[in-house]
Amino acid sequence: MEIIRKYFRELSDEQLKQIEMLDGLYRDWNAKINVISRKDIDNLYERHVLHSMAIARTVNFRPGTRILDFGTGGGFPGIPLAILFPECSFKLIDGTGKKIRVAQEVAKAIGLKNCKIEQLRGEDEKGQYDFVVSRAVMALPDLAKIVRKNISKKQQNALPNGLICLKGGDLQAEAKPFKNSVEIDDIDKWFDEEWFKGKHVIYVPL
């Protein structure tokens with residue numbers, strides 16, 4: 001928890017309580033359904049919660065913003081972002097039923113009201129959103145092709161509507177089809193832990 005307090009000092013007591021509950025809930029569920037690798041569960045706050053929250057350093061979603069988390073797995077980055085932005089609405093989708101069940105149960109246990117979680121393939125999602133967020137689900141051009149249909153024309157944030165992904169490594173090849181429209185932020189400029197070196201937030205206006 002300390003790592004979250006270190007970078008997000010403005011959180012309310014309610015938000016801190018929700019984040020604090022995540023550790024026990026994910027450990028409990030992980031023992032039944034493996035959604036986070038065994039060696040990673042001890043680093044839940046750094047490698048999953050804070051990593052998800054890095055998106056908030058790229059864009060401060062305005063109240064009323066609609067966000068789709070594509071391929072959420074056990075609820076990342078969607079659940080930490082839904083805690084951070086209680087006045088925005090989130091839909092979390094994944095094709096794997098057991099992972100979706102974990103995300104649903106965690107969201108319910110912490111009392112997350114702004115979050116809809118559904119087992120659904122991205123190709124079958126019909127809704128309109130301001131942003132699609134994702135964590136290393138697939139190559140950027142493939143993902144953009146699937147979610148373009150879900151990006152709303154109506155703008156309500158300082159950042160134009162589009163796709164925001166958490167990814168690691170060299171992204172030049174993935175970014176190439178988008179020419180100069182891609183913005184790549186290095187997460188280690190915000191968070192100084194060693195693990196964030198080589199990790200990025202990528203934004204593509206769509």
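This is a predicted model: local features need pLDDT of at least 70, side-chain atom pairs count only at pLDDT 80 or more; totals for chains, interfaces and linings use all residues.
Trainee: Among the contacts in the protein chain with a separation of 6 or more, what share comes from residues 24 or more positions apart?

Mentor: Here we take the contacts of the protein chain with a separation of 6 or more and ask which of them join residues 24 or more positions apart. The share of such contacts is 71%.

Trainee: Is S134 buried or exposed?

Mentor: The place of S134 is in strand β4, residues 131-135, where strands (E, at least two residues) and helices (H or I, at least four) are DSSP runs numbered from the N terminus. Leaving aside neighbours within four places in sequence, S134 is in contact with residues including D69, F70, L143 and C165. A residue counts as buried under 20% relative accessible area, as exposed over 50%, and as partly exposed in between, using a 1.4 Å probe and protein chains only. Because the relative accessible area of S134 is 1%, this residue is buried.

Trainee: Which residue of β5 is the bridge partner of S134?

Mentor: Two strands pair if DSSP finds at least two bridges between them, and β4 and β5 pair in the parallel sense over 5 bridges. Within β5, the bridge partner of S134 is C165.

Trainee: Why is β5 described as largely enclosed by the rest of the structure?

Mentor: Strand β5 is joined to β7 by 7 bridges, and these two strands run antiparallel; one of the bridge pairs links L163 with V204 in β7. The strand is described as largely enclosed because its buried residues number 6 of the 7.

Trainee: Where do the buried residues of helix α7 lie around its axis?

Mentor: The buried residues of α7 (residues 140-147) are L140, L143, A144, I146 and V147. Their arc, taken from the directions from the helix axis to the C-beta atoms, is only 165°, which puts them on the same side of α7.

Trainee: Which elements do the buried residues of α7 pack against?

Mentor: The list holds both strands and a helix. The buried residues of α7 pack against β1 (66-70), β4, β5 (162-168), α8 (172-175) and β7 (199-205).

Methods: Residues are numbered from 1 along each chain as its sequence is written. Side-chain values use heavy atoms; hydrogens and water are left out. Contact means heavy atoms within 4.5 Å.
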